[in-house]
Amino acid sequence: VSKDGGFDPLIDHLRARHIHVYRHVGCAELTFTWPGKKLPVSEPIVEKPVVKKVPVKKVAAKKVPTKTVAKKVAKKAVEKMDPVEIWKERVLKDFKEHPKAQPKKRKALIAKIANLINKRADGPEVQSVFSRMVKTGNLQFDEKDVPVYLI
């Protein structure tokens, strides 16, 4: 039972294989009795309307200038930068975005830097980022060795 005419090709296929199948639009058409007379296999159930496809004219879209030139310039500028400076900027950016997540002890600070630059905590890269932050004045320590962030 279906109003969907999309099943008609399937029904035609099954009828060609001598399987007696019928499509009913609604349950009201069903009698639940033997029809007594079988429909011939070649008889179509519903004729499909012919739909002509009209070609659609394609219109060229306007090309919007992309920012590829600006991206290339920025990429070259980043390539020229010192990796330690790039890592330092990444750490400072994270500290600005998450001020409550700033470490309160030196050991935790070193671990956080190592995590942000994806290096080992005892590696020379982490120590160079740490010392660069102290030299540039972004990081100081008070008398209790608690880091003070000047971002």
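**Entry 1: α3 against α4.** A reminder to myself first: this is a predicted model. I began with helix α3, residues 83-97, and helix α4, residues 106-117. Their axes lie 10 Å apart, and the packing angle is about 110°. Angles of 65 to 115 degrees count as roughly perpendicular, so I put α3 and α4 down as roughly perpendicular to each other. I also checked the hand of the α3 and α4 crossing, which is right-handed.

Next I listed who touches whom. From α3 come Trp 87, Arg 90, Val 91, Asp 94 and Phe 95, and they meet Leu 109, Lys 112, Ile 113, Leu 116 and Ile 117 of α4. Sorted by class, the α3 with α4 contact holds seven nonpolar and three charged residues, with no polar ones.

Which residues of α3 are buried? I found Val 84, Glu 85, Trp 87, Lys 88, Val 91, Leu 92, Asp 94 and Phe 95. The spacing made me recall that an α-helix has 3.6 residues a turn, so residues three or four places apart point the same way. As for what covers the buried residues of α3, the cover includes α4, α5 (124-135) and β2 (147-149).

**Entry 2: α3 against α5.** With α5 among the covering elements, I looked at that pair next. The α3 and α5 axes come within 9 Å and cross at roughly 70°, and α3 and α5 are therefore roughly perpendicular to each other. The crossing of α3 and α5 is right-handed.

On the α3 side I noted Val 84, Glu 85, Trp 87, Lys 88, Val 91, Leu 92 and Phe 95, which meet Glu 125, Ser 128, Val 129, Arg 132 and Met 133 in α5. By class, the α3 with α5 contact has seven nonpolar, one polar and four charged residues.

**Entry 3: α4 against α5.** One pair was left on my list. α4 and α5 pack at about 115°, with axes 10 Å apart, and α4 passes α5 in a right-handed crossing. Arg 106, Leu 109, Ile 110, Ile 113, Ala 114 and Ile 117 of α4 make the contact with Glu 125, Val 126, Gln 127, Val 129, Phe 130 and Met 133 of α5.

Methods
Residues are numbered from 1 along each chain as its sequence is written. This is a predicted model: local features need pLDDT of at least 70, side-chain atom pairs count only at pLDDT 80 or more; totals for chains, interfaces and linings use all residues. Side-chain values use heavy atoms; hydrogens and water are left out. Axes are lines fitted to C-alpha atoms, for helices over the stretch in contact, and angles run from 0 to 180 degrees between N-to-C directions. Helices (H or I, at least four residues) and strands (E, at least two) are DSSP runs, numbered from the N terminus. Angles under 35 degrees count as roughly parallel, over 145 as roughly antiparallel, 65 to 115 as roughly perpendicular and the rest as oblique. A crossing is left-handed if the near helix is turned anticlockwise from the far one by less than a right angle, and right-handed if clockwise. Contact means heavy atoms within 4.5 Å. Ala, Val, Leu, Ile, Met, Phe, Trp, Tyr, Cys and Pro count as nonpolar, Asp, Glu, Lys and Arg as charged, and the others, Gly among them, as polar. Buried means under 20% relative accessible area, exposed over 50%, partly exposed in between (1.4 Å probe, protein chains only).
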